[in-house]
Amino acid sequence: MLITTEEGGSFSFQCISAGQFAGKTGWSCPRRSLDSCELIYMLQGEAAIQEGLTLFPLEKGDVLVLAPGTTHFGLGASGRPVSFFWMDFMLDNLSALGLMTSCKVHAGNDALAELFRQLQRFQGDKDYPRQAADLCGLTILIETAAQQRRSAVRCRKVLQDATEWVQQNICSPITVIQVGKALGYNSDYLTALFKEGFGIGLKEYIIEQRLKRTEEYLLTTSLPIKKIAAVMGFHDSNSFIKYFTYHRKMSPSKFRSRYYSSSPGQE
């Protein structure tokens, strides 16, 4: 099916095949590499699918778009029965829809499930022309791309809220679990978001921000080390010195003596 866009461009789409899979407890996705893209919409149970070096844990409501030409396989057996809709398709211009492959999102409504049911009806009834299945499959991709965009907006908001909370509490020995509880999110989810957004996990982000705040005190104030340790939430200066030395490979005193004279406002 050839589609012409409002901008005068065009792209082709074909729904190759689609259906609903049901697997028993212990199921694991077989190793596969397809020439086409594949979309999976989880209905029941849990699964873990690895594509290349990326692992995608899936649960009810998750939508995963797998890239063509990349091997994917299940990692571990499911602990309960699994069910999902799937669709193999060809799309020669992903950007025309704003669709991302190698991407998982959580669907916020039942729109995809209803579209898949319509797709099954179109495929199973000869009274419908072939184009009906393609149009329905294309609508599934449009809805998925919209879900991906909404998810990206939500993720940016979560990251903003998390980084602001960390900055507000940076002088306390905060943990990943504390951040999650404060914001109402799973700590593993936050860690995954930080790795995607900043290239490091939330724990590493907290450590780096605490070190940067410590360095500010060392370079912009004349507070003694013991006082800075107390300000940063350490019970004693020895644990503070060990913490700083471990991460910066030099003691706070050595850091201050090396960089204090060249810091802004100290010349």
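User: In which hand does α5 pass α8 in their crossing?
Analyst: In this predicted model, local features need pLDDT of at least 70 and side-chain atom pairs count only at pLDDT 80 or more, while totals for chains, interfaces and linings use all residues. Residues are numbered from 1 along each chain as its sequence is written, and side-chain values use heavy atoms, with hydrogens and water left out. Helices here are DSSP runs of H or I with at least four residues, numbered from the N terminus, and a crossing counts as left-handed if the near helix is turned anticlockwise from the far one by less than a right angle, and as right-handed if clockwise. On that convention, the crossing in which α5 passes α8 is right-handed.

User: How is α5 oriented relative to α8?
Analyst: Helix α5, residues 202-220, packs with helix α8, residues 252-259, at an angle of about 55 degrees and with the axes 9 Å apart, where axes are lines fitted to C-alpha atoms over the stretch in contact and angles run from 0 to 180 degrees between N-to-C directions. Angles under 35 degrees count as roughly parallel, over 145 as roughly antiparallel, 65 to 115 as roughly perpendicular and the rest as oblique. The orientation of α5 to α8 is therefore oblique.

User: How many charged residues are there in the contact of α5 with α8?
Analyst: With contact taken as heavy atoms within 4.5 Å, α5 contributes E215, Y217, L218 and L219, and these face P252, F255, R256 and Y259 of α8. The classes place Ala, Val, Leu, Ile, Met, Phe, Trp, Tyr, Cys and Pro as nonpolar, Asp, Glu, Lys and Arg as charged, and the others, Gly among them, as polar. Six residues of this contact are nonpolar and none is polar, and the number that are charged is two.

User: How are α2 and α3 oriented to each other?
Analyst: Helix α2 spans residues 130-168 and helix α3 spans residues 176-183, and they pack with their axes 10 Å apart, at an angle of about 120 degrees. Their crossing is right-handed. Given that angle, α2 and α3 are therefore oblique.

User: How many nonpolar residues does the contact of α2 with α3 have?
Analyst: From α2 come D161, A162, W165 and V166, which meet Q178, V179, A182 and L183 in α3. One residue of this contact is polar and one is charged, which leaves the nonpolar count at six.

User: What distance separates the C-alpha atoms of W165 and V179?
Analyst: W165 lies in helix α2, and, leaving aside its neighbours within four places in sequence, W165 is in contact with I174, Q178, V179, A182 and L183. W165 and V179 stand 14 residues apart along the chain, and their C-alpha atoms are separated by 7.4 Å.

User: How is α3 oriented relative to α4?
Analyst: α3 and α4 pack with their axes 8 Å apart, at an angle of about 105 degrees. That angle makes the orientation of α3 to α4 roughly perpendicular.

User: How many polar residues are in the contact of α3 with α4?
Analyst: In α3 the residues are V176, I177, V179 and G180, and they meet S187, L190 and T191 in α4. The contact has four nonpolar residues and no charged ones, and its polar residues number three.

Terms used: Helices (H or I, at least four residues) and strands (E, at least two) are DSSP runs, numbered from the N terminus.
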